[in-house]
Amino acid sequence: MRRIRSLPLIATGPLILAACGGGESIDTGGGGGGGDVLVAAVAAQPDQFDPHVTTAYPSFQVLENVYDTLVVPNPEDLTMEPSLATGWETSEDGLTWTFTLREDVTFHDGSEFDSADVVYSYDRIIDEELANSFRFATVADVTAPDPQTVVLTLTQPTPNLLERIGSFKGMAILPEGAAEELDLTTEAVGTGPFTLESSDASSTVLTAYEDYWGGAPGVDGVEFRYITEPAAALTALQNGEVQWTDNIPPQQIESLTGGDTVELQTTPSVDYWYLSMNYARPPFDNRDVRRAISLAVDRAAVAEAAWFGAAQPNQTAIPEDSFFHSDYAPFQPDLEQARQLLAQAGVQTPLTMGLMVTDEFPETVTAAQVIAGQLEQIGVQVEIETLDFASWLDRQGQGDFDAFLLGWLGNLDPAAYYQEQHQTDGPNNYQGYSNPEVDRLLQAGATETDQEARKQIYDQAAQLIVDDVSYLYLYNPDVVQAWAPGLSGYQIRADKAINFETVELP
Amino acid sequence: MVLAGVSVIVFSLVHLVPGDPVRLALGTRFDQDTYDALQARAGLDQPLVQQFLGWFGRAVTGDLGVSFRSGETVTSQIAERLPATITLAFAAILVALLIAVPLGTLSALRPRSAVDRVATVLSQFGISVPDFWMAIVLILVFAGTLGWLPSGGYVPLTEDPGAWLARLVLPAVVTGVVSGSVITRFVRSSVLEALGSDHVRTAQAKGLPGRQVLTWHVLRNALLPLVTVTGVQLAYLLSGVVVVEIVFSWPGLGQLALQAVQARDYPVLQGAILLFALVFLVINLVVDLLYTAIDPRIRR
């Protein structure tokens with residue numbers, strides 16, 4: 001799973017790339033109107049282009065189209081399917097995974113792709129302890145017995161290994177020696193459908209890679225233009241300056257749906273937003289108090305306010321379409337029962353609860369205001385503290401909070417998100433939850449190789465997590481994207497990956 | 001010397017602000033090994049004094065360090081955004097003066113008249129209207145409904161003068177209206193003051209034509225405060241106008257500084273603030289030099 005990234009507005013500078021001298025560029029006199037180039041309006045500038053280093057979503061919007069991984073999530077249900085690896089086998093004991101690599105794949109510099117590139121890329125992430133090294137926590141060794149084969153040796157069975165190495169382009173395969181020969185912060189040599197042509201403070205330009213192993217893309221290039229203000233991005237789409245955007249003012253989603261000025265689509269994302277209470281701060285260590293609060297929160301009203309209805313209320317982590325969705329919703333808003341539980345817990349009302357939110361994600365500020373109104377009815381006085389994200393993270397790290405609101409993005413496999421967030425002393429268990437039964441289930445799920453059995457284990461764990469209110473899950477926001485009428489071949493995805501490989505302009 | 005003092009203050013302030021850039025780069029997902037590796041790479045594991053001395057030593061030679069986030073040099077990041085910032089700042093000042101000088105003079109010539117009232121209301125409006133609101137309304141009208149201008153972005157003058165101008169108009173107007181409203185009030189009061197001074201009365205008594213009195217005796221004297229306030233406004237604009245830059249996707253220094261604050265990208269933030277300090281120093285110097293050109297009494 002990806003971590004919450006410091007999303008918009010964080011970006012940096014100028015990356016004028018040495019344009020590799022192909023001499024094929026035709027002078028269009030600027031303005032980006034020439035050729036068959038798709039112009040996409042994105043909300044923020046990529047911070048840099050080293051896939052193994054960056055953690056920023058704006059970077060991955062671009063890198064998705066430039067690099068490949070061994071396996072990729074299927075756009076429909078996000079299960080893993082072949083990409084640079086055409087197949088794989090797992091040993092009886094689950095400790096050895098053997099990947100067969102695709103042949104006739106070339107990097108953008110013309111060099112051949114083989115197993116040495118995979119070993120190099122994975123070793124780089126592991127040895128330099130880069131942002132995604134945790135994904136190799138159970139990997140003891142990466143070897144290449146021959147040019148078309150890569151073997152991963154594990155310390156314990158890891159049923160979600162494919163998700164770990166393929167869920168996003170942070171696990172990209174670089175050509176051997178790339179980090180030493182290139183400045184990967186500004187240059188990119190991948191195997192993907194587009195090459196990174198140039199990038200500056202206004203836009204990033206990609207050019208179609210004609211020798212792409214999946215066939216040449218349907219457009220000559222893509223320009224990612226940074227338009228932070230949603231109203232401006234929508235205007236640019238409507239008057240034809242751009243042909244695609246994911247930066248839509250939420251309050252306009254409804255009026256745009258079904259209209260003919262733009263094509264707008266939505267799908268529930270595998271992101272979830274939640275409220276979490278501090279087990280180290282009485283009375284929030286009391287299960288009844290947490291359950292009372294969970295009973296008093298009307299998730300549908302919160303989703304409506306934060307997203308103008310473009311979010312699906314959910315009492316568990318991930319949405320219905322996902323394989324690991326748990327159909328469990330024990331809390332229907334019931335103020336009477338909530339008050340009883342508070343009384344039963346011996347809590348004096350009004351009870352004051354600090355609720356820490358960050359303006360980095362304005363939806364949490366709105367959600368907090370709605371929740372404050374709802375909790376007031378059972379005598380819980382919510383004091384909303386709006387911080388900038390840096391201070392917010394500081395306080396979260398120090399455990400200095402009663403409760404906070406935040407989200408997790410791109411959740412594909414429960415071994416990642418449940419374990420880190422709800423296991424006793426898990427690295428992201430900031431609330432301080434500890435339930436031996438949950439620990440046992442999470443351990444079992446992490447090594448169970450049968451998918452159906454795994455799902456049952458995680459369903460049980462999810463029920464306990466929800467019942468104990470380790471997280472008070474709120475909703476899954478929709479992915480909302482819009483494009484020019486007539487644009488074809490684009491598929492909206494629940495993991496918010498943006499892939500322009502098969503897009504064709506009207 | 002001033003800059004050396006500024007750099008101490010800048011460095012301390014930037015590091016005093018709560019928030020850890022490494023933690024921020026990692027997001028909410030925490031991993032001690034990765035954290036330590038990142039911190040060491042950024043040099044943040046060293047004592048603060050040592051960090052300052054290292055940074056200061058390099059800054060003196062023009063090396064402002066490397067951005068935590070992008071891995072690029074701070075100087076190249078600033079240099080890339082400088083043309084857009086300078087373009088917008090001067091265009092906005094031009095708009096501001098085109099508004100302020102006629103409007104301020106007219107209302108001073110006829111105090112309490114209808115013209116004066118309208119000018120006062122307009123300048124009050126310009127100061128108090130939120131610039132992001134004005135910006136969005138202008139985009140919706142001129143780029144949306146009318147479709148006359150692009151919704152934003154920046155194209156260098158050298159690349160395509162037409163596209164450059166089309167994208168410059170709206171941000172320059174929004175920024176210029178705000179600055180112009182401030183300057184209008186200064187023009188009005190300084191023209192009023194000059195009108196009431198002895199030498200103007202003398203000139204009028206000598207029977208000089210009204211236009212000549214206005215140009216040579218009133219406006220010339222009213223110019224001094226105008227130069228000062230315009231200088232202050234220009235320095236402010238050259239430090240980047242965050243809101244307008246964001247709404248119009250204008251790749252200026254304001255955006256860069258904001259991004260650096262949010263990411264706690266110390267090197268970029270320090271570099272940007274140092275530059276802003278330098279801009280204020282230079283503009284103050286230029287304003288002082290202009291004084292001597294305008295007012296012979298200062299020369300002596």
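Reader: What makes up residues 80–425 of chain A, in helix and strand?

Author: In this predicted model, that stretch of chain A is 29% helix and 25% strand, with its end C-alpha atoms 30 Å apart. UniProt, in an unreviewed entry, lists residues 80–425 of chain A for "domain: Solute-binding protein family".

Reader: Which domains does the domain assignment give for chain A?

Author: The assignment gives domain 1 (35–66 + 192–262 + 484–505), domain 2 (67–177) and domain 3 (272–478). The C-alpha centres of domain 1 and domain 2 of chain A lie 26 Å apart. Their contact takes 18 residues from domain 1 and 19 residues from domain 2 of chain A. On the domain 1 side, those residues divide into 9 nonpolar, 5 polar and 4 charged.

Reader: Why is strand 18 of chain A called mostly covered?

Author: A residue counts as buried if 20 or more other C-beta atoms lie within 10 Å of its own. In strand 18 (residues 472–483) of chain A, 12 of its 12 residues are buried, so the strand is called mostly covered.

Reader: How do you know that strand 11 of chain A pairs with strand 18 of chain A?

Author: Pairing needs at least two bridges. Strand 11 (residues 244–245) and strand 18 of chain A are joined by 2 bridges, so they count as a pair, and they run antiparallel. A:Trp244 stands opposite A:Trp483 in strand 18 of chain A.

Reader: What other strands pair with strand 18 of chain A, and over how many bridges?

Author: Strand 12 (residues 263–268) of chain A pairs with strand 18 in the antiparallel sense over 6 bridges, and A:Gln265 has A:Gln481 as its bridge partner there. Strand 13 (residues 272–277) of chain A is also antiparallel to strand 18, over 3 bridges, with A:Leu275 opposite A:Leu472. Strand 14 (residues 311–313) of chain A is joined to strand 18 by 3 bridges and runs antiparallel to strand 18; here A:Ala311 stands opposite A:Pro477.

Reader: What do strand 8 and strand 9 of chain A form?

Author: They form a hairpin, with 3 residues between them. Strand 8 (residues 194–199) and strand 9 (residues 203–208) of chain A pair in the antiparallel sense over 5 bridges. In strand 9 of chain A, A:Thr207 is the bridge partner of A:Thr195.

Reader: How many residues of chain B are in contact with chain A?

Author: 50 residues of chain B are in contact with 49 residues of chain A. Among the elements giving two or more residues to the chain B side are helix 5 (74–109) and helix 7 (131–145) of chain B. That side divides into 21 nonpolar, 17 polar and 12 charged residues.

Reader: Which residues of helix 7 of chain B are buried, and what do they pack against?

Author: B:Met134, B:Ala135, B:Ile136, B:Leu138, B:Ile139 and B:Ala143 are buried. The buried residues of helix 7 of chain B pack against helix 5 (230–238) of chain A, together with helix 8 (161–195) and helix 11 of chain B.

Terms used. Residues numbered from 1 in each chain as written. Chains lettered and ligands numbered in written order. Predicted model: local features only at pLDDT ≥ 70, side-chain atom pairs only at ≥ 80, totals over all residues. Domains from an automatic or database assignment. Contact = placed C-beta atoms within 7 Å. Nonpolar A, V, L, I, M, F, W, Y, C, P; charged D, E, K, R; others polar. Helix = DSSP H or I, 4+ residues; strand = E, 2+ residues; numbered from the N terminus. UniProt positions renumbered as here; feature names shortened; annotations may be inferred.
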